[in-house]
Amino acid sequence: MKIAGIIAEYNPLHNGHKKQIDYIKNELKADYIIAVMSGNFVQRGAPAIIDKYTRTKMALLAGVDAVFELPSFYSTASARDFALGAVRMLDLFGCVDYLCFGCENPELFKNPCLFDGQIYELDAFKSTLKSKLKSGENFASARAAAISNAVLSPSADGDEEYLDFKAKLEQALKNPNNILGLEYVNAINDLDSDIKPAPMKREGDDYDSMTIQSDTPSSTAIRNILLSEYPSYIYSETGKYMPEEICRIVSDYNKKSVFLKQDDFSSLLSYSILLHYDELDIYLDGSKELADRLRNIFKVNMSWSELSAALKTKNYTLTRVNRYLTHILLGIKEKTFETAKKQGIIFYAHQLGLNTKSSACIAYLKEHSKIPIHNSIVEIRNILYDRDEKKQLELRLERPATAVNIEGDTIILNRNRKPPIFATPELLAISMLECDMIFSEIYHLAQNGKALFGPDVTESGVFIH
């Protein structure tokens, strides 16, 4: 059985995504395709415009066999940690053969020097990044120059062919898809995984194109139209930008719900900032400098977009600022996040949906997986609680007891004292899982004005036949 993995957001799914699915079936000859997909909050530090269960249905109808949720800890993280979390999940399934991803320059991935996670620790990388940022370059350009300086030999600086290659490399590394592909392969290497990278040339409009210029537009351009006052424009062009059945889903969704954007969470964000006003520097993607800047700028009546625009600087990109604000809203702290990475990164797989014709795939995954797989997030929590209780008991029995002599009697104390927070990976996993449940409630609160018992509690996933 040959299984290929995709890491995606499908926000929303469009023709480019469908081409990737068809490529995996026709070129890689995979028997099954599984997707690790972001939930209701995505990597650019924003809510998905369409909820995760509807996007799961899109993926299944487009040809994916099973969809799993990437925990919000990682779906809202930097490119490096986003890739690490998603690749770790695929690796823990124990039977995924390929990771297919789109990029502008597949030839980049033939250069083994690029795929060393230690690049970011090299002095050449750090010094170049610092000097480029100090000179006023934006982060993407500075990072591209820093990576090329770290992997290319300075001894060839005067060679014209070398300089030409270096310029092309730096240009390629400014592209977000290439960078994300680089992080996927770095994660595969860092985890010593047997998964094989399968880069596919991305065609159509640029990743961040704001307007539609071809029949394969960017997700950004499609989102802009859906969030405009005239989303029906997309539906009148059925099948041109998105597969026909996906267009119908999006159109039906718009009739009964709303497409969410960051400003729909402005009040909730303001409340979170006020609630944690004195500890704003402890959240992921933040810093003391950014927290101080936030306190100086923040006003209760500011919208999310107004606040993020005011916080943005040359050193803090808009994407990083939005991720920081998202982590304040969702309560993701840097210390907890780093603990998760040290204790195992991923601890469970929440199955969002399945094509029932592919039930053999799920059976195969469960047979090989090193983490629990379930379509009910409540059942996953119960599994983790059971495992934690056993480990907590073991910890108490292994912990040395304290002997105290009182009036000739020896009394054993403290054997059953409560272990420290996150004493077991299961405790941390439960915290991550409950965060995802809370995040879904926040999402539905912004969408419907009510949040009690949202789909994560009442639903058991999406199934198509």
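Q: How many aromatic pairs does a search of the whole structure find?

A: In this predicted model, where local features need pLDDT of at least 70 and side-chain atom pairs count only at pLDDT 80 or more, while totals for chains, interfaces and linings use all residues, the search finds nine aromatic pairs. Residues are numbered from 1 along each chain as its sequence is written, and side-chain values use heavy atoms, with hydrogens and water left out.

Q: Why is the pair of Phe68 and Phe93 called tilted?

A: Rings of Phe, Tyr and Trp (its six-membered ring) pair if their centres lie within 6.5 Å, and planes under 30 degrees apart count as stacked, over 60 as edge-to-face and the rest as tilted. The centres of Phe68 and Phe93 are 4.9 Å apart and their planes stand at 50°, so the pair is tilted. This pair links distant parts of the chain, for Phe68 lies in strand β5 (residues 66-70) and Phe93 in the loop between α4 and β6 (98-103), 25 residues apart. Helices (H or I, at least four residues) and strands (E, at least two) are DSSP runs, numbered from the N terminus.

Q: What makes His350 buried?

A: Buried means under 20% relative accessible area, exposed over 50% and partly exposed in between, with a 1.4 Å probe and protein chains only. His350 has a relative accessible area of 2%, and therefore counts as buried. His350 has its place in strand β8 (residues 349-355).

Q: How do you know that the side chains of His350 and Glu69 are joined by a polar contact?

A: A polar contact is a pair of N or O atoms within 3.5 Å; within protein, one must be able to donate a hydrogen and the other to accept it, and residues adjacent in sequence count only if both atoms are side-chain atoms. The contact between the side chains of His350 and Glu69 is 2.9 Å.

Q: Why is α4 described as largely enclosed by the rest of the structure?

A: Of the 14 residues of α4, 12 are buried, so this helix is largely enclosed. Among the buried residues are Phe82, Leu84 and Met89. Just after α4, Gly94 takes a positive phi of about 80°.

Q: Where does pLDDT stay under 50?

A: The pLDDT, which is the predictor's confidence in each residue from 0 to 100, stays under 50 over residues 397-420. Where pLDDT is low, the predicted coordinates should not be read in detail. For the protein, the mean pLDDT is 84, and 84% of its residues reach 70 or more.

Conventions: Contact means heavy atoms within 4.5 Å.
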